[in-house]
Amino acid sequence: MLALSATVWNVGGAMINPYQSVYYSGLGANSVFIGFLLGVNSAVTALMQLVGGYVADAWGRRKVIVIFSFLGAATAFIFIFISEPALLMIPIVIGAISGIYGPAFNATLTDSMEPELRARGLVSFTLVTSLPSIFFPYVGGTLMQTLGTLEGLRIAFFFSGLLGVIGVSYRALRLKETYVGVKGKEKKHVRGLVSDFFTDNLFVLRNATDGAKKLLIYAVLASVGTAMTVPYTSIYLVNVVNLPPEFYGLLTNVAGLISVLLLLPAARLIERVGLRKSAVYASLSIPVNQLIFVRAKGTDDFVTWTAIGGASGALLGPSLTALQANLSSQEMRGRIMAMFSVFSLVTAVPAQIVGGYLFQTLGPLSPFIASTPIFVLATLILLRIKEPAPRPIEKF
């Protein structure tokens, strides 16, 4: 059920996600202001994730997922009516608030999987939800090329909102509760939730396993490197390198296709070598790929960069998410998984702003160069994690 609703929503999102920064730029925002907008989004999302993790473990999962999924889907319609950069704050903040359902969604997804089968289950979920949307970034790029950046992407935002509402409506009808809260613990009303969720989350952080704490450090470092670069990739390729928007969309399609095609082989590799080693292999490819991007001179180099990124994503995503789940107990899983989002988002705030400043003052490639040693350090932290011993599993 979660897979089908996410699949429908992802189709619309795929048309606009690669071009969000280009849309902001088309409205007149410079790279520094774009970094500020993304920083605000990260800060608000971090707070909402923290609250969301508490809600997921205290109230249960279903209610928060349904309510805030609708809010997130409706946000796409607001972007259509934005006419100047300052007004972008409205849909960005509303969209960030809707992210409160993220920890409950992730916890619901992993609750339904046996620990030793989580990597396989997450691969299957990603495969099902990603495959139908693979070619829609090209649709978004074609709309931009045909109708112009603003008009083309406004149409894409409309379809994103429409498909989001359809997917979330199905989710609301079919979603079942997987966790009703801590037994014997009175459910909190809003006032009580606001007053004590910080203390509760600090308790969870102190009592997290050593492996979870190290994985949290890795997530923070990786978030810094990602925040410095990802928002400015599309601006660099479309506005600086002058790649046609539909060609950038095609590159995004290639990355998605490679990632999807490698998901099942990635699951087999994860089960063969373990979650940690799989994450390390994928993480090592990131700084290498950054260097390829910086030195890229033509189409072949960008295709290589795209292919490595797609392969890395196929291996890294399922292994990290499964590690997060396996390193936490069910009664704390919503809050632990929220911690990863919260700390990553908080550290992304200054990183996004710094990335925009570097892009504008030191040159468009400077954020990508500066992020490379950060990704290397993150991989070194990942090497120090000891994952739980897996139980025997059935073969495919």
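This is a predicted model: local features need pLDDT of at least 70, side-chain atom pairs count only at pLDDT 80 or more; totals for chains, interfaces and linings use all residues.
Which residues in α11 meet Ser 283, Gln 290 and Phe 293 in α14?

1. Numbering starts from 1 along each chain as its sequence is written, and side-chain values use heavy atoms, with hydrogens and water left out.

2. To the opening question: Tyr 218, Thr 229, Thr 233, Tyr 236 and Leu 237 are the α11 residues that meet those three in α14 (contact means heavy atoms within 4.5 Å). By class, this contact has 4 nonpolar, 4 polar and no charged residues (nonpolar: Ala, Val, Leu, Ile, Met, Phe, Trp, Tyr, Cys and Pro; charged: Asp, Glu, Lys and Arg; polar: the others, Gly among them).

3. Helix α11 covers residues 210-240 and helix α14 residues 275-295; their axes lie 13 Å apart, at an angle of about 30°. That makes the two helices, α11 and α14, roughly parallel (angles under 35 degrees).

4. Now look at helix α8 (residues 136-147) and helix α9 (residues 149-174), whose axes come within 7 Å and cross at roughly 140°. α8 and α9 are therefore oblique to each other.

5. On the α8 side, Leu 143, Met 144 and Leu 147 meet Thr 149, Glu 151, Gly 152, Leu 153, Ile 155 and Ala 156 of α9. The residues of this contact divide into 6 nonpolar, 2 polar and 1 charged.

Technical notes: Axes are lines fitted to C-alpha atoms, for helices over the stretch in contact, and angles run from 0 to 180 degrees between N-to-C directions. Helices (H or I, at least four residues) and strands (E, at least two) are DSSP runs, numbered from the N terminus. Angles under 35 degrees count as roughly parallel, over 145 as roughly antiparallel, 65 to 115 as roughly perpendicular and the rest as oblique.
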